[in-house]
Every structure is written in C-alpha cells, then in structure tokens.
Amino acid sequence: MGAISFFYTWGILLQVLALVHFARRRPDTYWVWVILIGGGLGAFIYLLVEAVPDLGLLGGTFQRYSHRGRIRELEVMVLDNPAPGNYEELGDLYTEQRNFARAKECYDRSISARTDSADPFYRRALCEIELGDMKSAVGDLERVYKMDPKHDFQRAAGLLADAYARTGQVEKAEALFREVAATSTISETQYHYARFLLEQGRAEEARQWAQRILNKKATLPRYLQRRERPWFRRAEALLKQTGQPAR
C-alpha cells in the first residue's frame, strides 16, 4: 500500500505540474486529455515532450540575473566615461531586463549627430513601441529604414508599417505592408498586416494573412513552433473576429 500511495501522490503532483505548464504555454489542446486521462504517466509524457525543451528558455532568466552586476558596473563607468558605446551596451542590458524607460534614456545618450549605425535607432524604437510612444518610434524607424531597408531581416520595416497604421498614416502603412509582406515570412509582420486589413474592413484579406501564420504549424520544427505560439494564438483570435475559425 505504501508503494501504491507513493506513486499515486507523485502521479497527482506530475499532473498538477503539467496542467500549470499547459496553462502558461498553451500547446495543442489534445495534451489536456493526455494529462487528465493518462494520469501520472500521461503527465510525465507531456512534461518530457513539452516542458523539458522549455528549460532552455530559463537561460534567459539566469542571464538577466547575471547582467545586473554588469549594469551596476556600467552605471558607475558612464559617470567618468560617458562614451556612446558604454551607453549603448547599458541600453541593451536594460532592454533585456525589460526596463524600457531606462533603456531609452541610455540610447538617447548613445546617439549623436555622428551616429551612422542603424542599430541604436532601431533599439530605441523598440523601447518606444513598448512604452507606447508610437510617434517617436515612427521617426526612429524611418531613419533605420532609410539607412537599411532590410534591417533585422525586414522586421524594422514591418514595425514601421505597423507604426504608420497605429498613428493613422493609412496610405503609408498600406504601401509599406505590401512591400514587406511580399518577401518577409516573419509572423509578427504578417499578423500586424492582418490586423491592419481587418481594421480597414477587409476581412477576407485579413483571414488569408492570419491563416498563413497558422499554416506554419504543419511545416515548422517543434522548437520553432514553440517560439511562434504567441503569434498562432493571436492569429486564431483574429480569425474569430472575422467570423471564421482556423482551418
């Protein structure tokens, strides 16, 4: 009886852990039935297939902790040596910490009239987007696009198109979305374009672009599917808004 009780207890614990992970990561729905019907064994299989690969994502968490010492070091360093490179590195570290307001301040300090690299403007724009300052983001992204239209594998151009849309510059957004979407396969850009089309009352076109995102499930390797899940969920939600579920 002791052994049975032991395995039963661990089975329940594994099910709880599996359900918590499922609620946070939202993989395919059939896993719920595997966990509930399969008991401890089903939960163990789920954790082995879905949760163990996620352990690699913890590296980013530990990295953020390790960066805190470097941030303190740079904060002291810039007092004596306010070089653009030091502020840019500090901005990158604050961005990883998701302290976007402080990161933007650092990028402001790193950018000067002689800055000829697109990256500091791009990274500052990412902070501005997170802070909801779309007008400033447009200015920075326009500069990036002028310097390098394909910066960050065309993500910068896609974000500029979305920034145009979110600041009411519909014609500019339409033209740039068409240009970027013709060659870009980034789900983020495709989703923003689908959302833009839906807002313009072009539901059928929006459905087509949202479905393109979901079609990737059949071809992407599992590790990439995990990264794309947030965009899959957004695409599914957008399809529901158009009145047509995902195929």
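Student: Which helices do the buried residues of H8 pack against?
Tutor: In this predicted model, the buried residues of H8 include Leu159, Leu160 and Tyr164. The helices they and the other buried residues of H8 pack against are H6 (118-130), H7 (134-147), H9 (170-181) and H10 (187-199).

Student: How many of the 12 residues of H8 are buried?
Tutor: Buried means under 20% relative accessible area. H8 is largely enclosed by the rest of the structure, because the number of buried residues is 10 of the 12.

Student: What distance separates the end C-alpha atoms of helix H8 (residues 155-166)?
Tutor: At 1.5 Å a residue, the 12 residues of H8 should span 16 Å. The expected span agrees with the distance between the end C-alpha atoms, which is 16 Å.

Student: How many disulfides does a search of the whole structure find?
Tutor: Cys106 is in no disulfide, and the nearest cysteine sulfur is that of Cys127, 9.1 Å away. A disulfide needs sulfur atoms within 2.5 Å, so 9.1 Å is too far for a bond. Cys106 is buried at 0% relative accessibility, and Cys127 is also buried at 0%. For the whole structure, the number of disulfides found is zero.

Note on methods. Residues numbered from 1 in each chain as written. Predicted model: local features only at pLDDT ≥ 70, side-chain atom pairs only at ≥ 80, totals over all residues. Heavy atoms only, no water. Buried < 20%, exposed > 50% of the residue type's maximum accessible area, 1.4 Å probe, protein only. Helix = DSSP H or I, 4+ residues; strand = E, 2+ residues; numbered from the N terminus. Expected span 1.5 Å × (residues − 1). Contact = heavy atoms within 4.5 Å.
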